[in-house]
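Work through the exercises below with the sequence and the model side by side. Try each task before reading its solution.

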Amino acid sequence: MKKLLFLLAIIILHSCSSFKSGLTIPANETFILGESNSKNYSAELVNTSNYEVKIRGEKKQNGEYTQGFSLAPKGKAKVNVSYDEVIKFINNNNQSVKVNVKMSKEVYGMRYIKN
């Protein structure tokens, strides 16, 4: 019984240490994540839609490109983000896309912009 309670406690603590979000990005819009964030974090991404979405990292201070890739339909990826970066989810499609995001820490500052 003690082992079962111990395992249950580990599972609960592990599940509380990450933050999950289902993200819908409207057609021809970009979602910006982490503008007010002050800590490094990682994010596991799963594109659940049938359309590609571009992932682009930029420095907060000057918009300088830091990293990027295309997340294919049904594709998965992990991205490590520095405290001084934002991550942009760019949807250049005429349909909305959905991405599941599991972050290692709570991340502050997010908004949508038109492409």
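Helices (H or I, at least four residues) and strands (E, at least two) are DSSP runs, numbered from the N terminus. This is a predicted model: local features need pLDDT of at least 70, side-chain atom pairs count only at pLDDT 80 or more, and totals for chains, interfaces and linings use all residues. Residues are numbered from 1 along each chain as its sequence is written, and side-chain values use heavy atoms, with hydrogens and water left out.

**Exercise 1. Count the helices and strands, and give their order.**

Step 1. The protein has 1 helix and 9 strands.
Step 2. Read from the N terminus, the order is α-β-β-β-β-β-β-β-β-β.

**Exercise 2. Find where the pLDDT is below 50.**

Step 1. pLDDT is the predictor's confidence in each residue, from 0 to 100.
Step 2. The protein averages 87, and 84% of the residues score at least 70.
Step 3. Residues 1-16 have a pLDDT below 50. Beyond near neighbours in sequence, this stretch makes 0 contacts (heavy atoms within 4.5 Å) in the model.

**Exercise 3. Work out the strand order of the open sheet of 4 strands.**

Step 1. Two strands pair if DSSP finds at least two bridges between them.
Step 2. The order is E1-E8-E3-E6, with antiparallel pairing.
Step 3. Strand E1 (19-25) and strand E6 (76-81) each have a single partner strand, so one side of each lacks a neighbour in the sheet.
Step 4. From one strand to the next, the twist averages 25°. Axes are lines fitted to C-alpha atoms, and angles run from 0 to 180 degrees between N-to-C directions.
Step 5. Look inside the sheet: E3 (residues 41-47) and E8 (residues 97-103) pair over 5 bridges. Asparagine 47 has valine 99 in E8 as its bridge partner.

**Exercise 4. Do likewise for the open sheet of 5 strands.**

Step 1. The order is E5-E4-E7-E2-E9, and the pairing is antiparallel.
Step 2. At the edges are E5 (65-71) and E9 (110-114), each pairing on one side only.
Step 3. Here the twist averages 20° from one strand to the next.
Step 4. E2 (residues 29-33) runs antiparallel to E9, joined by 5 bridges. Glutamate 29 stands opposite lysine 114 in E9.

**Exercise 5. Which residues do ring pairs link into a cluster?**

Step 1. Rings of Phe, Tyr and Trp (its six-membered ring) pair if their centres lie within 6.5 Å.
Step 2. That rule gives 2 aromatic pairs.
Step 3. The cluster consists of Phe31, Phe89 and Tyr112.

**Exercise 6. What share of the 115 residues is buried?**

Step 1. Buried means under 20% relative accessible area (1.4 Å probe, protein chains only).
Step 2. Buried residues make up 33%.

How values were computed: Buried < 20%, exposed > 50% of the residue type's maximum accessible area, 1.4 Å probe, protein only. Phe/Tyr/Trp six-rings, centres within 6.5 Å; stacked < 30°, edge-to-face > 60°.
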